[in-house]
Amino acid sequence: KSGDPIVYYGSAPATPSFGMAPPLIDNVVVLSQKYNPFPKISDFPPEFVFIGAGSGSNDAINNTDAITAGLKHVMLLGSGYIKPIDETGLTIQPLLRTGPATSTVKSSDMFTRTMFGQETINENPDRLLINQPFTTAARITGQPKGSATAINVVLVADIDMLAAAFFNVRNQGENEMMGAYLDLDNVPFSFNVVDSLAGDDRFIDIRKRKRIHRTLTAFERGAEELRLETEASTKQFNEDFEKEIRKEEDKINDRLEELANQRLANQIDDRQYTIKRQAAEEQLQRSLTVKRERLARDLEEAVDEAESNHQLEIRRMQNREKRLAVFMPPILPLAIGIGVFFWRRSRELEGAVKSRIR
């Protein structure tokens, strides 16, 4: 017999028994995943982790457990992860898992400070690609070693699962201002956890019933391909920018190394070395600053152009779909009408005298 049911939600606080991410300190890690099942809304950062079959993991959502069976998409915000440790004496059944192409980000890299000391979100933190799925929610049962009490726990590595925003999105339904239907199952998942652990399964199957929202899948595939192309172009621009900056920094290091070698070879004395080093550093630093600003402008222009081309191509695709929606539907009724007209015309002329036909 299982013990008292427990629901635990946590974002980064660790529980030593289950080996979750460490406490919220500089080296705590947050999951990051580039999977977005709602391509019409492209502003989600990778730290907004979507759990679903499209992430590349067949068991992203456990379809054998009553809590998660039938759910489609769950969103986690800056989630931690659950990692079992050996010899716990517990049975851990994953409920939600990320896809295989998952990265981790240090919490200290997710925010940056402005020159005025204000903390802002870092849009490009240092993401470490792990290439393995992570468990973000699990059902844990059994009797821990050294304990006389059995447990029945659902552990979720993200307290934001209960954020009020998810309830608001669910209440709003399809939002015309947003331009897409954010069909998330965070609310059913949370309610199912409570009901399942309480032994009340009456409403679990009812919550899974939903109106199927049909979308233009061909258009969304094209939009997703364009988004990936834009991301690849942006990534290439950033790599070129970093490469050019490294070249300038290498010039500074080479010049300083040359001065150091001259000093070791007694070609210049300490005083000359100090003067020349200071002059070289100032000159090369000014050159680096100028080039960095120029490259930053070029990078910004290139990224803006790529984004503009992306939006322009999206509008072209939308206009094409609109034209097809206007002109394609009448074709079949018109063809049927023309066919019926000529068929009835031919039937009317059967047996008629040719001289009387006009």
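In which helix does Asn 186 lie? Please describe that helix and the surroundings of this residue.

Modeller: The model is predicted, so local features are given only at pLDDT of at least 70 and side-chain atom pairs only at pLDDT 80 or more, whereas totals for chains, interfaces and linings use all residues. Residues are numbered from 1 along each chain as its sequence is written, and side-chain values rest on heavy atoms, with hydrogens and water left out.

Asn 186 lies in helix α2. Helices here are DSSP runs of H or I with at least four residues, numbered from the N terminus. Helix α2 covers residues 186–198, 13 residues in total. From its first C-alpha to its last it reaches 19 Å, close to the expected 18 Å; the expected span is 1.5 Å times one less than the number of residues. Just after α2, Gly 199 adopts a positive phi of about 80 degrees.

Ten of the 13 residues of α2 are buried, so the helix is largely enclosed by the rest of the structure. Buried means under 20% relative accessible area, exposed over 50%, and partly exposed in between, with a 1.4 Å probe and protein chains only. Among the buried residues are Val 187, Pro 188, Phe 189 and Leu 197. Asn 186 is buried as well, with a relative accessible area of 1%.

What surrounds Asn 186, beyond its neighbours within four places in sequence? Asn 186 is in contact with His 73, Val 74, Met 75, Met 161 and Phe 166, where contact means heavy atoms within 4.5 Å. The side chain of Asn 186 also reaches the backbone oxygen of Met 75 at 2.8 Å. Leu 71 is 115 residues from Asn 186 in sequence, yet their C-alpha atoms are 9.1 Å apart in space.

In α1, Phe 166, Phe 167 and Arg 170 meet Asn 186, Val 187, Pro 188 and Phe 191 of α2. By class, this contact has five nonpolar, one polar and one charged residues. Nonpolar here covers Ala, Val, Leu, Ile, Met, Phe, Trp, Tyr, Cys and Pro; Asp, Glu, Lys and Arg count as charged, and the others, Gly among them, as polar. Helix α1 (residues 164–172) packs against α2 at an angle of about 115 degrees, with their axes 9 Å apart. Such axes are lines fitted to C-alpha atoms over the stretch in contact, and the angles run from 0 to 180 degrees between N-to-C directions.

Terms used. Helix = DSSP H or I, 4+ residues; strand = E, 2+ residues; numbered from the N terminus. Polar contact = N/O pair within 3.5 Å; in protein donor to acceptor, adjacent residues only side chain to side chain.
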